[in-house]
Amino acid sequence: MILLRLKITGLLVLTLCAGCQAARLPLSPPSPEATTLTIEATALAAGEFALEGTTNLPDNTRLTAIALRHLVPQPATAGEQPFYSVLDYQPVTVVNGAWSAQLNLWRVAADGRYQEAWQAQLDTLELVAQPSATVQFAVTVAPHHVGAALSNRLTQAGRQRLAGVLRVTADGEPFLWVDRAIAVELPSGQTTPAVDLLARTNGGWGDRHLLVPEPPLPYTLTPLNERQTNAPPTPGELLR
């Protein structure tokens, strides 16, 4: 058996040679597998999309599938950032390394027209904006769920594993995000509106947030100039 000591670029490598066989001692444990999170979107019917993907996050990890359309305010001004409208979202969980969801991007207006959420609020928000030609489909792990899903992966080495999917909020909280942009045309056509308008306005509350006028009193109350009571005088009355 011959012991060879080789020094290569500052690393000490020990090689044991016995006959024609050689074994190399490991310098460090193998690097952990990178965290994966994928998404695919498939168009179903008008305005409906099926989303699915795979991940090596633990089973029962809570995800959120979401569809966004970016809007550019009009008239556009230099330096002004576009904003977005949430068209639909659905909470999902990881099962056997996979997840799936189904989103409906269209809503039915009171007159039966198909619209996206932001189109239904144009008059209320006094919004004038140019929609993007694509819809951004994404799956995300919210900041308050990241800790339970990743346990001790958020170390410095762990962040290298998450480089492809890790994002940070404006407050510095980490979350996971992966998306895919697909060209989706704006809604067209119309259908028969539902009879129950309350279920489609104001989150199902309809106009019940408005105050109902009370009927007038059947008699007239005349305020008294002097307090008339047999109760003991108040401290303020004693100081007069």
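The second largest pocket is lined by Thr-64, Ile-66, Thr-140, Ala-142, Pro-143, Thr-169, Phe-175 and Trp-177. Strand 6 (62-73) and strand 14 (174-183) are the elements that each give two or more residues to this lining. A pocket is an open set of points, on a 1 Å grid over the protein atoms alone, where a 1.4 Å probe fits and with protein on both sides within 12 Å along at least five of seven lines; lining residues have an atom within 4 Å of a point. The space in the second largest pocket is about 150 Å³. Its lining comprises five nonpolar, three polar and no charged residues.

The model is predicted, with local features requiring pLDDT of at least 70 and side-chain atom pairs pLDDT 80 or more, whereas totals for chains, interfaces and linings use all residues. Residues are numbered from 1 along each chain as its sequence is written, and side-chain values use heavy atoms, without hydrogens and water.

The protein chain contains five helices and 14 strands, taken as DSSP runs (helices H or I, at least four residues; strands E, at least two) and numbered from the N terminus. Of its 240 residues, 27% are buried, that is, under 20% relative accessible area with a 1.4 Å probe, protein chains only.

Strand 8 (residues 98-104) shows alternating side chains. Strand 8 pairs with strand 5 (residues 48-54) in the antiparallel sense over seven bridges; pairing requires at least two DSSP bridges between two strands. Ser-100 in strand 8 is the bridge partner of Glu-52.

Conventions
Grid points are joined across faces, edges and corners, and a volume is the space filled by probe spheres set on the points. Ala, Val, Leu, Ile, Met, Phe, Trp, Tyr, Cys and Pro count as nonpolar, Asp, Glu, Lys and Arg as charged, and the others, Gly among them, as polar. Buried means under 20% relative accessible area, exposed over 50%, partly exposed in between (1.4 Å probe, protein chains only).
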